[in-house]
Amino acid sequence: MRLPAPHLDGDVSLEKAIRARRTIRSFDSKALSLNQLSQLLWSAQGITEPGGFKRAAPSAGALYPMDIYAVVGSGCVEDLDPGVYHYEPDGHSISLGREEDARGDVANASLRQTWMAGAPLNLVITAEYARITGKYGQRGIRYAMIEAGHIGQNIFLQAQAMGLAVGIVGAFEDDTLIRVLGIKETHEPLLVMPVGHKR
């Protein structure tokens, strides 16, 4: 499914977004729009050069070992069924994997942090290390983790600029999270970021 085109000129300055950014763990049930989901995914891994391939977050050697999954609840993103979606930067689109609301399962896999299931959207940042270790060896694992941090901050600041709230979680059982998302075993989760409207 192709997403709406991202906006390239917002109303909130970068400085204001940095100053106001906070980690939030309590969310309103209000749904997100498809445009908001599109903007968040673009800020995470969207292609930022016309006709090119370079993305919103820096990547060692421009190898881009990261994948982003959107865990969408029932009635939580307008015009989108619940499920686990994979973001595809080339074409700015999403593809549906698991066809159900997996937010509760994600929260349970995250050491039973039930507050996460209250967010309409959970973004999961994963790394496929083989894409980067082929060039950089074991050092590539560190580079992928650095890249995950850049992506996470982009999501934080983009959400803040749109008036949304974000949490961040690194405590989860990797194998369980991979299983409940229904993703490739080689896509190792590094961060989960619940997103929604602040309660």
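The model here is predicted, so to speak of a local feature takes a pLDDT of at least 70 and side-chain atom pairs count only at pLDDT 80 or more, while totals for chains, interfaces and linings use all residues. Residues are numbered from 1 along each chain as its sequence is written, and side-chain values use heavy atoms, with hydrogens and water left out.

Pockets come up first. A pocket, on a 1 Å grid over the protein atoms alone, is an open set of points where a 1.4 Å probe fits, with protein on both sides within 12 Å along at least five of seven lines; lining residues have an atom within 4 Å of a point. The largest pocket holds about 490 Å³, a volume being the space filled by probe spheres set on the points, which are joined across faces, edges and corners. Its lining has 20 residues, with Gly10, Gln39, Leu157, Gln158 and Ala161 the closest to the centre. Helix α2 gives the largest share of that lining, five residues.

Pro6, Trp42, Ile47, Thr48 and His92 sit closest to its centre, out of 17 lining residues. Here the lining has ten nonpolar, five polar and two charged residues.

Next, the interior. A nonpolar core is a set of buried Ala, Val, Leu, Ile, Met, Phe, Trp, Tyr and Cys residues joined through side-chain atoms within 4.5 Å, where buried means under 20% relative accessible area (1.4 Å probe, protein chains only). The largest core has 35 residues, and Leu37, Leu121, Leu123, Ile125 and Ile155 have the most contacts inside it. At least two residues of this core come from each of α2, β1, β2, β4, α5 and β6; such helices (H or I, at least four residues) and strands (E, at least two) are DSSP runs numbered from the N terminus. A second, separate core of 22 residues includes Tyr69, Met116, Val124 and Ile178.

Ile178 also belongs to helix α6 (residues 174–181), where Leu177, Ile178, Val180 and Leu181 are buried. Among the elements covering the buried residues of α6 are β1, β2 and α3. Just after α6, glycine 182 takes a positive phi of about 75°.

Key:
Buried means under 20% relative accessible area, exposed over 50%, partly exposed in between (1.4 Å probe, protein chains only). Contact means heavy atoms within 4.5 Å. Ala, Val, Leu, Ile, Met, Phe, Trp, Tyr, Cys and Pro count as nonpolar, Asp, Glu, Lys and Arg as charged, and the others, Gly among them, as polar.
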